[in-house]
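Hi,

Here's the structure I promised to pass along.

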Amino acid sequence: MRLHHLEIQAFGPFAGTVAVDFDRLSEAGLFLLSGATGAGKTSVLDAVCFALYGDVPGDRSQAKRLRSDRADPATPPRVTLEATLSGRRFKIVRSPAWERAKKRGTGVTTEQARVALSERVGQDWQPLSSRLDETGDQISRLLGLDLAQFTQVALLPQGRFQAFLRAKSDERHRLLQQLFHTGRFEAVERWLRDRRLALGRESAVGHQRLADVVSRVSEAAGAPLPETLDVHDLAPAVDDDTLRPWVADALAMATDAGERAASTLEDAGRHEASARAALEAARADVARRERLVAARREHESLMARSADQAADVVRLDAARRAAVLMPWQLGAQTAEADAAAARADSDAALGRVAAALGEDVEVGALASLAEREVAAASAVEAMRPRVDRLREIRRAQQHHSERRARLAVDLDRIDQERAKRPARLEALRDELATARGEAADLDKLTAAAQDARTRLDAHEQAATLHPQLQDARELWLTAREETLRCKDQALAVQAARIEGMAAELAGALVVGACCPVCGSGEHPAKASAAPGAPDATAEKAARAAVDDAAAAEVAHDQQVRGLEQALAAAEAKAGEESPAALSARLADLQAGLGAAHRASARLPDLETRLASEERAAADLEARATELQGEDRRAADEHARLAEEADRLTIEVERVAGVAEPDLDALVDRHRRRAELCREATRWSEAAEAAARIHDVALRGLEEALLEARFTTVDDAQAACLDAAEIDRLEESVARHERRLAAVTEVLRQASSDEVDEHTPLPDVDLLAAEHATALRSLRAADATATRLTLQVTRLTGLLDTLDDALAAWAPVRRDHAVLTRLSAFVEGKSADNLLKMRLSAYVLAYRLSQVVAAANERLATMSDRRYSLEHTGQRGAGESRGGLSLLIRDDWSGERRDPVTLSGGETFVVSLALALGLADVISQEAGGAALDTLFVDEGFGSLDADTLDDVMDTLDSLRDGGRVVGVVSHVAEMRDRIPTQLRVVKHRQGSTLSLHR
């Protein structure tokens, strides 16, 4: 990955549009991104991350406020990045979600995040995608890194160096897992654990199913479980193969008992059938004897009322013949009444026709009168189109009159508006010219105000640096005095030690050893040290104090030099003009700039209003011409309609007698008269038909009297009976005949069977008791046989169910045992896992060892081969997870210690080495992704001069192979060491960028 060009607009602290030409920065290989605290150095790196991934690193992504608060409300935030990814040049344009003012009404609306990805093909940019998800996926594939990996490989962020070094094993585990995508190993652990639990539950279900089958077998067999079976743990019985034989034995015993019960049921059935046959024969004999006695008594009763039966038959015959005559009599009476009513209705209809026509009418003239009225109605109906057209013309004339009146009003209003337009147009043109003149000075005023603000900031910086420089000089003088004092003290200690050297040499002599001065082996009077005489340790301490004081003096001297340089630069930038004059001039410029901004802001509105007024004037002219044409057309149409209305009025008066007749009323009157004529004709025909029907009814009544054998109608009416009485007689006669036939048949049958009334009857109660006893025995035997049959069927089914349960449980038990052993091994709980380490921790420990090895290569250079990192599998204090702990080895002392004991500068050096080593390993993990641009953010202010030299040598080595390294720092010494600089300057209106080489 190599960056070429970056453009930032209304993003972070950059209110306007700033650009970074990375190609120019890349020429030096190493450049510095500097600026005051809060100016926006880190925001440049945020813009790079946002362009690539649509997000910013660290906690800043949670704020969701990427748009500059000082940008113009109408300026959208946007980041444009040109970069080479995987050998192809791309341009990415991204905009975050932001809120803008609504175009209509008040309030704000949210603009959604957008992206546009293009690839350079030849000299043109070829669009590839405008979808957020698609672009993010393609960028990640091209880089081979996600956002977290990118910030650890190409963008070493501010404040993040020490996080990985000082993290606990749990935190380091989460970070390494995210960077190296080793979540799949934890997924394996989870899958094995979940699969073990699932198989455990499935095995428990299989065991419960088997236990249910065993319990049901015990219930079906009616016997308790054997002592060797435990329903709560059937695994031993399954392994010993003792469960199925027990069920098979219970089934065999139930089968034998069922066969014996079936034989008993067959014997009980034969005995019950014999008892039932004897009982039924006895009951038949008793029933025949009772029917014979009852039949003889009923026959005597029926023969006693034979005379009454004959009289009922005669009455019933006469009533039936009279009933036939009644409809004929009723029909004659009805026909007579209908004929009288029809004659009355016919006379009334003729009277209505005469009243409607106003003249006397004969029956024979009704048809011709009806035809005359129908013809008159048709003639009136034929005039309907002319009358309708005449009404339409009257309405159209009214409409045109109203239309012309409205047109006159509209023309008058338009003429008044046209008279006002020229003055308004002239005023708008003058106002627009004035605003353009005021806005013309916007760029000049902006540059002047920015220069004044820069000079005023330089005055403020110089005023701040003066007391700082004075304090720094005092500290430097104090440090120099302390250095001189320490040197004097060291010289004094050295002189005192030289004076007491004899005593020091004497103290080192041992018995039998030669004197290093005279060579004698005898030491009669060894010198002794004076009280408080210094030794080698005291001299070494004095020299160390001199070194420390000298280092402090150098540090204070460098601080003084840096402040003097900064003060000189601030005074040069401030110039000769006083701060008060600058403030006054800046106020005047800002006032003028505000007026210019307001005038510039008004220009679009004024231009829009002028264009709108000009279009409105043209529209008024066109509208006036259009209305005048409409008025002429309406007058012509009105004249044509008046001519047509006069012609139609003459035609209608000739037919209807009036100019505006009520056609519906005329047609209805003629049609009503025709209908009255037709109605009178129908009533006349109905009266004649009713008279003919009456004659026919009288002749039919006379013929019916002869057929029914009655002399007069009165005789027939005397023989009539109501329907209820006829039904009663019919039922009585029929019942008598049926009962007589039935008892006659019973008596005849008894004679043929030769039934003896004196033969003794069998004892039915005794036979019924014997049958009941046999039936109870049969039912008991059937219940026993049915119970045993069901038991055999149930045990047979349970034996099959047992086989199925055993077959289903066996593979689950086997898989569960295998998964239990494997899961325990992977989780570090098995005795086979000698390291007692989880699989994911083992993989990450291997990755961490790679990171440590890569980090130590750089740390040896930056720490003058004093420090090295060590990876240990021991669990730290308060840690719940081991295998990922780090220790610092001090090769000068041979001690190992926790990283938290390092000083600030040492922590930065070790953290930088660890971060670079982590970047190397991640780059290899991502498939050797080529990262030609690298950023290191802050932390250099805590280093001494020698360590800073070593760190800079390491950063210089990163440039091998054409890599570009950007260092982000506000330390003054870094500006002296790195000549190529991208400076961020903060202003009240927003930060700006500038390139210095």
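Let's start with a salt bridge: Glu-731 pairs with Arg-735, with 3.7 Å between the closest N and O atoms. Keep in mind that this is a predicted model. The two residues sit four apart in helix α19 (residues 723–753), so about one helical turn separates them. Glu-731 is partly exposed at 40% relative accessible area, and Arg-735 is partly exposed too, at 41%.

Now for a pair that reaches across the fold. Asp-890 and Arg-866 form a salt bridge, their closest N and O atoms 3.1 Å apart. Asp-890 belongs to strand β12 (residues 885–890), while Arg-866 is in the loop between α21 (839–862) and β11 (867–872), so the bridge ties together parts 24 residues apart in sequence. Asp-890 is buried, at 5% relative accessible area, whereas Arg-866 is partly exposed at 24%. There's also a network: Arg-100, Glu-111 and Arg-114 are joined by salt bridges that share partners.

Arg-270 and Glu-266 make another salt bridge (3.4 Å, N to O). They are four residues apart in helix α9 (residues 243–304), so again about one helical turn lies between them. Searching the whole structure gives 16 salt bridges.

On the nonpolar side, the largest core holds 76 residues, and Leu-6, Leu-52 and Leu-869 have the most contacts inside it. Leaving out residues up to four places away in sequence, Leu-869 touches Leu-165, Val-852, Leu-887 and Ile-888, among others. A second, separate core of 20 residues includes Ala-211, Val-214, Leu-234 and Ala-235.

Cheers

Conventions. Residues numbered from 1 in each chain as written. Predicted model: local features only at pLDDT ≥ 70, side-chain atom pairs only at ≥ 80, totals over all residues. Heavy atoms only, no water. Core = buried A, V, L, I, M, F, W, Y, C linked by side-chain atoms within 4.5 Å. Buried < 20%, exposed > 50% of the residue type's maximum accessible area, 1.4 Å probe, protein only. Contact = heavy atoms within 4.5 Å. Salt bridge = Lys/Arg side-chain N within 4 Å of Asp/Glu carboxyl O.
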